[in-house]
Amino acid sequence: MRSLEEVQATLEIAKLKEEDLLPSVQCLSFGDNVSSADYCLMELDETLCKHIEAGESLVIRGDKEERAVLCSSNKTYDLKIADTSNLLLFVPGGRTPDQLTDNQDSFHVVHTQVWGFCNSYWELRKQRPKLKKLKKLLMENPYEGPALGGQEENTENRYTMEDLLERIQASEEELKTHMETIHACQIEGYWRVLDFNYEMKLLGHVTQLVDSESWSFTKVSLQTSLEELGPLEPREMIEHCLNCYGKRYTENGEVFYALHEDKVCWGLALMLLQNVVKFNLKEFQYVWQQSVPEGMSTRLDQLKGVALVDRTSHPETISLLRVEDLPEDTVERFNHLFSLREKWTEDDITPYIQDLCGEKQTTGALLTKYARSSVQNGIKVFNSRRPVAT
């Protein structure tokens, strides 16, 4: 350890005056067996610092073949190693200048030990959660309704919330929000998605009941629905369907649901489109309107991100194209879209790239970076910046 005399000699060589410095001089020394492999440093923003100080946890997630991400309770961050030319010292007992207030007038030395050092640190960048894998895992064993007499329920490939948190690169809050989006539900302790045909069967039961009872679709009685449809399907599935496609409320002590027009129209449109490559647009619009409960109005803007209209074909057509089926990677997404259609209008492509936007990023900025614009018949269109293999 350096003595006061050695410090004073160093100051003299450096041509520094004691009176220009704090009276406390902090001397660092390396402890025994200090190694750069002992510690990893991570740069946290103010939000994550407060998260840690409040006693909350940060979790690193990702399967072996995936790049690791860091998750708080509600956000996901990309983990990237940042190298630095400066040596970063880990000094637990180190004190900043404002902490070196020993109230001593005389020049003196404070000794502090270095516990570790690094030439790099983990840099965090907020990113979109990687949720495509969630639907893929749950679709390994979708719920198709109660097993018929004599048949056994398939118990393979079922996942608890803990299982999914281990596998999915997302925070718990982001995961649960997406669960609602894909209409997942908990059955016997496991999270399942419904087989699409079974979900549409449930929705069909509900909409038929609304029509047969001459109810307003904004006032669907839970109790009556369970009594009437209970003999056909499990009661918890009827209630799950109402939760997916309606908003629950209570009136005079009785529970009702207001069916969400856009969601019901969306679901029934998917049912019509799922088994056809292309549908004559006018015929589709007629059949679609006839399939929804009385009082509901179908509109093409209800299908943004799930169906694509081709105005250039004769007759005009509509086909199924769901954003959830597209690649998560931005470059791969644009390549796939331009392989499907050479030129896109901004209105057509926006629903298929909106989920790629980061914080404070716009679809316009994405198009500027990944596409080239031109004007065709007075309409601005976008095509790929590079040749696309079809």
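**Note on the predicted model**

1. Arg386 touches Val331 and Asn335, leaving aside residues up to four places away in sequence; contact means heavy atoms within 4.5 Å. Arg386 sits in the segment after β18 (379-384). Its C-alpha atom is 9.0 Å from that of Tyr370, which is 16 residues apart along the chain. Helices (H or I, at least four residues) and strands (E, at least two) are DSSP runs, numbered from the N terminus.

2. On provenance: this is a predicted model, where local features need pLDDT of at least 70, side-chain atom pairs count only at pLDDT 80 or more, and totals for chains, interfaces and linings use all residues. Residues are numbered from 1 along each chain as its sequence is written, and side-chain values use heavy atoms, with hydrogens and water left out.

3. The largest nonpolar core has 43 residues. Such a core is a set of buried Ala, Val, Leu, Ile, Met, Phe, Trp, Tyr and Cys residues joined through side-chain atoms within 4.5 Å. Buried means under 20% relative accessible area, exposed over 50%, partly exposed in between (1.4 Å probe, protein chains only). Among the residues with the most contacts inside the core are Met237, Phe284 and Trp288. Elements that each supply at least two of its residues include α8 (235-245), β12 (254-259), α9 (261-273) and α10 (281-291).

4. Trp288 deserves a look. Its contacts include Cys265, Leu268, Ala269 and Leu272, and also Thr298, Arg299 and Leu300, not counting residues up to four places away in sequence.

5. Helices α6 (residues 196-212) and α7 (residues 222-229) pack at about 110 degrees, with axes 11 Å apart. Axes are lines fitted to C-alpha atoms, for helices over the stretch in contact, and angles run from 0 to 180 degrees between N-to-C directions. The pair is therefore roughly perpendicular (65 to 115 degrees). From α6, His205, Val206 and Leu209 make the contact; from α7, Ser225, Glu228 and Leu229 do.

6. Two residues other than glycine have positive phi. For His183 phi is near 60 degrees; for Asn377 phi is about 55 degrees. His183 lies in the loop between α5 (172-181) and β8, and counts as buried at 10% relative accessibility. Asn377 lies in the loop between β17 (371-376) and β18, and is exposed, with a relative accessible area of 75%.

7. Check the peptide bond between His314 and Pro315: it is cis, with omega about -5 degrees. Pro315 is in the loop between β14 and β15 (317-320).

Methods:
Parallel < 35°, antiparallel > 145°, perpendicular 65-115°, else oblique.
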